[in-house]
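The following exercises are to be worked with the sequence and the model at hand. Each task is followed by a solution in steps.

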Amino acid sequence: MSKNGDGLAVEAHGLVKVYGDTRALDGIDLAVRRGQVFGFLGPNGAGKTTTIQILATLVRPDGGTARVLGFDVLHGRREIRSRVAVTGQFASLDDDLTGYENLVVFGRLRGLSRAASRRRADELLTAFDLTGSAGRPVRGYSGGMRRRLDIGASLIVTPDLLFLDEPTTGMDPRSQIQVWELVRRIAAAGTTVLLTTQYLEEADRLADRIAVVDHGRIAAEGTSAQLKAQVGAGTLHEVFFALTGDPAGADRAEAAS
Amino acid sequence: MSVTDSRDVPEADRLGGLLAPAGPPRRAGALAATATFGWRAMLKIKHEPKQLVDVVAIPVVFTVLFTYVFGGALGGTPGEYLRTLLPGTLVMGVVSCTMYGGARLAQDVTTGVFDRFRALPVWRGALVLGGLLGDAGRYLIAASISVALGVAIGYRPDGGVPGVVAGVALVIAFGLALSWLWAAVALLVRDPATVMSLGLAVLMPPTFASNIFVQPRTMPGWLRAFVEVNPISHVADAARGLMNGTGGAAPVAWSLAATAAITLVFAPVALHLYARRA
């Protein structure tokens, strides 16, 4: 795909992040191959968002190393930032602006000319079925519309790597299916996707590989089938429960499916 | 499952051609990024015109009130008094909305959109500087309303168009110096409501304890001393001189010195505080 051949999109060793008394990350190792959809699965507070923030160069790790698309997260920030896109819980849109204006602003900030960012905004609004709401402030958007625009904003310039932080949390089933299908299309076009989720079904359906994360550590990693075999359990729910001891997580997954 | 999924997702089919490889990554230059953030600030003013209520109300209320209620007593006739008052309420109108940009910045750095901005490969000062461009737009609106209202009720600036333009430019420059101050405050307190109330509390006293409404001749000595060093008085004097075509260079020089001093102190502080977060 690029100078790193078929190398790794993400490579992390022993990532540590401490907030006060809490070790949010307690030695995370990750290897995500280019072109994969990689699922980062875990309950609330497991360290999923912190990991993405470090990989997107928004937060500095307190320990460990990470390379994204071949660039070090501490020394290659500009290189990484120009090749990745972040969307989800913590990185969001400008509520006061319309959908169209949001896309044009991000297009300009991505280095597109005025004309190109307007054209791109129109294309994305059409593709995401948002033309009818393009002129309305994002504040009034439904959760599904918002997330579609959010993902659209991450595709203004097709990224090599897309971070999706809990892309379907709080969504109705129909919007959830829409987002899943979008993620598949994005991955099929060659973008590596790293998504976090609390929903087992989401990881099971979308991800080529899954890392189960709990208390800032990777509890298990592999394909969905491997994880099931590893614990000798029939469903991913049981795997999740066996690994994290979190019945609440399993409940949420039930609710999501 | 994919059959059901695809039928439900028309946009996924339209996405294909849009995901072409982007080629070598591009970057927005510092100027383009700053201009974009400035445009965004102006869009926010456009979408929330209610934030202009104060910007419009303060110069209008104080100009009309003081001209007709106190004008005769203070300046001989309302028309005479307007020559002194109007450049002053222009200063007041601009100064009293200088904290809005800070409040915006406090809101920006505490919401999710800030993370999205930070994740972009753009010069990090662009958000703050772009915000100042938005402030300049807001000050220009406040100033235009003051001048238009003044002319409507009988103010005739003898300095002509060049004098008015120079006066307005000087006042806006002073406003932008205060923008830096409020940007620094905003990055410290990180709460829009706190920035707004601090703004009112801090700006109101020196606005009245100035020569905007009355000359300090009748004030007690300690207050007169304050009024005479108050930069707002100098800026008001400079604006009067330029707009009425009567001024000497001294008030203009003092105003520019105050503008430069405030900027030189607070711009580095604001940018430093911002860099820590970006």
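**Exercise 1: An alanine in a helix**

At 46% relative accessibility, B:Ala253 counts as partly exposed, because that class lies between buried (under 20% relative accessible area) and exposed (over 50%), with a 1.4 Å probe and protein chains only. The model is predicted: local features need pLDDT of at least 70, side-chain atom pairs count only at pLDDT 80 or more, and totals for chains, interfaces and linings use all residues. Residues are numbered from 1 along each chain as its sequence is written, chains are lettered from A and ligands numbered from 1 in the order in which they are written, and side-chain values use heavy atoms, with hydrogens and water left out.

Task: State in which helix B:Ala253 is found, and how far apart B:Ala253 and B:His234 are in sequence and in space.

Solution. 
1. B:Ala253 belongs to helix H13 (residues 249–277) of chain B; helices (H or I, at least four residues) and strands (E, at least two) are DSSP runs, numbered from the N terminus.
2. In sequence, 19 residues separate B:Ala253 and B:His234, and in space they are 8.9 Å apart, C-alpha to C-alpha.

**Exercise 2: Aromatic rings in chain B**

Task: Classify the pair of B:Phe62 and B:Phe213, then the pair of B:Phe208 and B:Phe213.

Solution. 
1. A pair of aromatic rings is described by the distance of the centres and the angle of the planes. Rings of Phe, Tyr and Trp (its six-membered ring) pair if their centres lie within 6.5 Å; planes under 30 degrees apart count as stacked, over 60 as edge-to-face and the rest as tilted.
2. Over all chains, the structure holds nine aromatic pairs. In one of them, B:Phe62 and B:Phe213 are 5.8 Å apart centre to centre with 40° between the planes, a tilted pair.
3. This pair links distant parts of the chain, 151 residues apart: B:Phe62 is in helix H4 (residues 52–75) of chain B, and B:Phe213 is in the loop between helix H10 (192–208) and helix H11 (221–229). Both B:Phe62 and B:Phe213 are buried.
4. B:Phe208 and B:Phe213 are stacked, at 5.3 Å centre to centre and 20° between the planes.
5. B:Phe208 is partly exposed at 37% relative accessibility, whereas B:Phe213 is buried at 5%.
6. One aromatic cluster is formed by B:Phe62, B:Phe66, B:Phe70, B:Phe208 and B:Phe213.

**Exercise 3: A loop residue in chain A**

Task: What phi does A:Asp129 have, and where is A:Asp129 found?

Solution. 
1. A:Asp129 is not a glycine, yet its phi is positive, about 60°.
2. A:Asp129 is in the loop between helix H4 (114–127) and helix H5 (143–154) of chain A.
3. With a relative accessible area of 43%, A:Asp129 is partly exposed.
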